[in-house]
Amino acid sequence: MLRCVDYNICSVNNRIRIFDIFITTIPERALHQPPRPGMVVRVPHEGGGYILKNFIARLKRRNNKRKTQVMKLPFVPKRVIFEKEALQYPLGEKLWGYFRDQGVETGFATTHNRITTIPGKTPAEGYFEGKRTLVVGVRRTLKFETCKPSAHFQLPLATSCPGKCEYCYLLTNLGKKPYLRVYVNIDEILAAARDYIEKRKPEVTVFEGAATSDPVAVEPYTGLLGRAIEFFGAQEYGRFRFVTKFTDVDSLLDVPHHGHTRFRFSINARQVIDRFEHATPSLPERLTAAQKVAAAGYPLGFLVAPIIAEKGWQESYRELFQTLAAGFGHASGLTFEFITHRFTKRAKANILEVFPGTGLSLDEEARTFKFGQFGYGKYVYPGELLKEIRAEFEVMAKEFFPGAEVKYFV
Ligand code: SF4
């Protein structure tokens, strides 16, 4: 038996769409069935990205005459749960109508903090069902958390994301069923941001929109990022930044940002993406989205995270920089942020429950323990290795992007 990632495939207008992804256990022989639209593709958990690519290549060959194209569907929730109060806001009402029209299962909860109706008998089932659940709520706490080192404050727009990365930093504090959540009281959230800006001016205050989520994945439904970008576009002393692996950027290209929002893409070495990320766009897709964003005049950045120092890491990350330089070597005003792999005890326990066959290195003995800003400790690479990684990344940044700014390395 193999631990597997399942991709559902369907064919719409001769385009093959891949959606939905979940872990299951299947007999090995099931891997060798011929591909056809409508089937569920079963891909071994480790190296899933590579096998999926081969599968798609075979599928394309079979369907050659029909000029098959492969595309990933945007995130479609399996169920959407509303706080009743959310329906009193225009966005809540809009989302309610939209998902009802789409025939998506809907329900109500008394608070967005405690959702008890998500199924899942095992931790893995609970995790995957959580990732298919969207909760629409009202943000009541308008006191923003700090957000070092990337910004002064977090801007709370959403939590969680439909990606299923084994290394995800959110596995520490999003619970066993990390459902997606969006806040509909955007006017109140932005009014609170304005107060923070007023208190600090004439210093510029920077807000991070992706501290607890990847907000781009749900943007086609909510438009929250668009609202925030427009708001910050009009702020003399306020700046906005967020980071994403997702590529649903088209609705943001025409927003009047006035250069006040930095759009960053989270990228990684091919091997890391193939082994540890599931349900995220590929690197070329992210870079295509980054090109669009740069063409729309946004300040652009890349976050390389988590840097995983596995065998051959120097070559893997050099290859990443070469690929980047081919597309963005002449871009001006680029920024980089580098974050090495770290994990907490709680994240490790969750990762091992959801991805028991993970190839991630989670050996506490091989790490150094360090206290973080949120009061819990984390396991980071030991000092000597950190120094080596840092030196290597500084060299590559200078070599391939001499004009870029490295914001931080942690
Ligand atoms: S895309 Fe980012 S937020 Fe989403 S699962 Fe992956 S690491 Fe976590």
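Local features were considered only at a pLDDT of at least 70 and side-chain atom pairs only at pLDDT 80 or more, whereas totals for chains, interfaces and linings use all residues. Residues are numbered from 1 along each chain as its sequence is written. The protein chain has an average pLDDT (the predictor's confidence in each residue, from 0 to 100) of 86, and 81% of the residues score at least 70. Residues 1–6 have a pLDDT below 50, and this stretch makes 31 contacts (C-beta atoms, placed from the backbone, within 7 Å) beyond near neighbours in sequence. The pLDDT is also below 50 over residues 35–48, a stretch with 45 contacts beyond near neighbours in sequence. Where pLDDT is low, the predicted coordinates should not be read in detail.

The ligand is surrounded by Cys-161, Gly-163, Lys-164, Cys-165, Cys-168, Leu-170, Asp-214, Lys-245 and Thr-280. By class, this shell comprises four nonpolar, two polar and three charged residues, where Ala, Val, Leu, Ile, Met, Phe, Trp, Tyr, Cys and Pro count as nonpolar, Asp, Glu, Lys and Arg as charged, and the others, Gly among them, as polar.

Pro-202 is found in the loop between helix 4 (186–200) and strand 11 (205–208), whereas Pro-306 is placed in strand 14 (residues 300–307); helices (H or I, at least four residues) and strands (E, at least two) are DSSP runs, numbered from the N terminus.

A positive phi of about 65° occurs at Ser-160, although this residue is not a glycine. Ser-160 lies in the loop between strand 9 (158–159) and strand 10 (180–183), and it counts as buried because 25 C-beta neighbours lie inside 10 Å. His-258, likewise not a glycine, has a positive phi of about 50° and is found in the loop between strand 12 (238–244) and strand 13 (261–267). With 14 C-beta neighbours inside 10 Å, His-258 counts as partly exposed; a residue is buried if 20 or more other C-beta atoms, placed from the backbone, lie within 10 Å of its own, exposed if 12 or fewer, and partly exposed in between.

Leu-225 touches Leu-157, Gly-209, Pro-215, Val-216, Glu-219, Phe-242 and Leu-252, not counting residues up to four places away in sequence.

Terms used: Near = placed C-beta within 6 Å. Contact = placed C-beta atoms within 7 Å.
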